[in-house]
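Please read them with the coordinates open beside you.

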Amino acid sequence: MLEEHVCPHCGVKMESWIGPPESGWGEILVCNNNECVFYRGSQHDIRHKDEDSNLGCRYALDPDNGYTAFNLLSWYK
Ligand SMILES: [Zn+2]
């Protein structure tokens, strides 16, 4: 059972998500808010590097590593 965490960037409750098997993450917590300033800001940054990129970074926590924050690269829909 994972702790409940709230995204520090938008205040939305983070949701558990099972990473792809090849990622080795297991269950993590992710901010799935598309309006999150962290997510929207990351899209902006990445687009400066590659105009065709639809990638963004979501704020995520790794419960297996003491709930350490990391950037979860995800497709921008
Ligand atoms: Zn957020």
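1. A definition is needed before the core can be discussed: a nonpolar core is taken here as a set of buried Ala, Val, Leu, Ile, Met, Phe, Trp, Tyr and Cys residues that are joined through C-beta atoms within 7 Å. The model is a predicted one, and what follows should be read with that in mind.

2. On the overall architecture, the secondary structure comes to one helix and four strands, and the elements follow the order β-β-α-β-β when read from the N terminus. Of the 77 residues of the protein, 18% count as buried. Among the contacts with a separation of 6 or more, 38% are accounted for by residues 24 or more positions apart.

3. The largest nonpolar core has nine residues, namely Cys-7, Met-14, Ile-28, Leu-29, Cys-31, Tyr-59, Ala-60, Leu-61 and Leu-72. Strand S2 and strand S3 (55-62) are the elements that give two or more residues to this core, and the largest share, three residues, comes from S3.

4. Leu-29, one of the residues of that core, has its place in strand S2, which covers residues 27-30. Once its neighbours within four places in sequence are left aside, Leu-29 is in contact with Leu-2, His-5, Met-14, Glu-15, Ser-16, Ala-60, Leu-61 and Pro-63. For Ser-16, which is 13 residues from Leu-29 along the chain, the separation of the two C-alpha atoms is 4.4 Å.

5. Arg-58 deserves a separate remark: this residue is found in strand S3, and it counts as buried because it has 23 C-beta neighbours inside 10 Å.

6. Leu-72 in turn, with its neighbours within four places left aside, is in contact with Val-30, Cys-57, Arg-58 and Ala-60. The C-alpha atoms of Arg-58 and Gly-41, which are 17 residues apart along the chain, are separated by 9.9 Å.

Key
Residues are numbered from 1 along each chain as its sequence is written. This is a predicted model: local features need pLDDT of at least 70, side-chain atom pairs count only at pLDDT 80 or more; totals for chains, interfaces and linings use all residues. Two residues are in contact if their C-beta atoms, placed from the backbone, lie within 7 Å. A residue is buried if 20 or more other C-beta atoms lie within 10 Å of its own, exposed if 12 or fewer, and partly exposed in between; C-beta atoms are placed from the backbone.
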